[in-house]
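Please look through the model shown here.

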Amino acid sequence: MTTMTTAADLPGPDPTPLSQGVASIGIVLVDDHAMVRQGLRSVLEREADLRVVGEAGSSAQALAVVASTRPEVVLLDLRLSPSTDNEGIELCARLHKAHPEVAVLVLTTVIDDHLVLEAIHQGARGYVVKEVDTSELVRAIRAVNRGESAFDSRSAAAMVRGINAGSAAENRQLTDREQDVLRLLARGMSNRGIGQQLFISETTAKFHVCNIMRKLQVSRRAEAVYVASKEGFI
């Protein structure tokens with residue numbers, strides 16, 4: 001069974017808006033399959049504090065329905081067409097820009113490191129897969145409505161992998177000077193020769209070479225040239 005993590009995972013029963021005397025949570029369902037929306041409506045409206053105020057099967061419909069119903073939460077499937085996931089990401093961004101007060105919770109079958117991060121970057125407060133059970137989905141809806149974030153275990157792991165991959169890629173970026181040094185390194189030049197060519201000291205050239213090898217995660221100059229050529233730096 002898929003588990004859920006939220007920003008505030010406190011012991012005891014999950015506080016619902018009704019138990020605190022607050023109005024119920026209005027929800028808009030965005031999914032291109034009518035049967036899926038019907039199933040979600042049936043499940044969610046069993047909860048006293050949840051009410052589905054609108055449905056949409058496309059981006060245009062979603063924007064219109066959200067504008068007219070002003071829900072607290074939008075449940076958004078990223079795959080609104082069979083061929084691409086970009087439409088859901090773009091809709092997430094448009095909803096967040098037009099209605100920043102509305103919590104977008106991605107509910108989808110698509111689990112991808114890049115997509116999870118991109119959805120969060122575009123304003124989603126949470127990301128869960130459709131395999132989560134009803135209680136976990138309800139818990140996620142209440143969490144994002146409280147301003148928290150909510151992820152099931154798979155999407156949380158995907159987000160961490162995406163962040164780590166992004167950090168690694170950023171750490172491998174070479175400065176303009178390092179690229180100059182690398183090109184001369186590829187020509188077989190020594191640190192002294194690189195320094196003379198670039199009008200920098202031999203010590204500075206050695207410093208740049210060491211930085212290049214560290215960023216490319218290699219221990220030898222020849223390896224640095226090989227990895228750099230393989231990854232398109234030279």
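Asp 77 has a relative accessibility of 5% and therefore counts as buried (under 20% relative accessible area; exposed means over 50% and partly exposed lies in between, with a 1.4 Å probe and protein chains only). The model is predicted, so local features need pLDDT of at least 70 and side-chain atom pairs count only at pLDDT 80 or more, while totals for chains, interfaces and linings use all residues. Residues are numbered from 1 along each chain as its sequence is written, and side-chain values use heavy atoms, with hydrogens and water left out.

An unreviewed UniProt entry annotates Asp 77 as "modified residue: 4-aspartylphosphate"; UniProt positions follow the numbering used here, feature names are shortened, and annotations may be inferred rather than shown by experiment. Asp 77 sits in the loop that runs from strand S4 (73-76) to helix H3 (86-98). Helices (H or I, at least four residues) and strands (E, at least two) are DSSP runs, numbered from the N terminus. Not counting residues up to four places away in sequence, Asp 77 touches Val 30, Asp 31, Asp 32, Gly 88, Leu 107, Thr 108 and Lys 130, where contact means heavy atoms within 4.5 Å.

The loop between S4 and H3 also holds Pro 82. Pro 82 counts as exposed because its relative accessibility is 79%.

In soluble globular proteins, nonpolar side chains tend to be buried together.

Val 74 contacts Val 28, Val 30, Val 66, Leu 95, Val 102, Ala 103, Val 104 and Leu 105, leaving aside neighbours within four places in sequence. Val 66 is also among the buried residues of H2, together with Ser 59, Ala 62, Leu 63 and Val 65. The cover over these buried residues of H2 includes S2, strand S3 (50-56), S4 and H3. Just after H2, Arg 70 takes a positive phi of about 50 degrees.

Lys 215 is buried because its relative accessible area is 13%. Its side chain makes a polar contact of 2.9 Å with the side chain of Glu 178 (a pair of N or O atoms within 3.5 Å; within protein, one must be able to donate a hydrogen and the other to accept it, and residues adjacent in sequence count only if both atoms are side-chain atoms).

The chain as a whole has 10 helices and seven strands, and 45% of its 234 residues are buried. The average pLDDT, the predictor's confidence in each residue from 0 to 100, is 84 for the chain.
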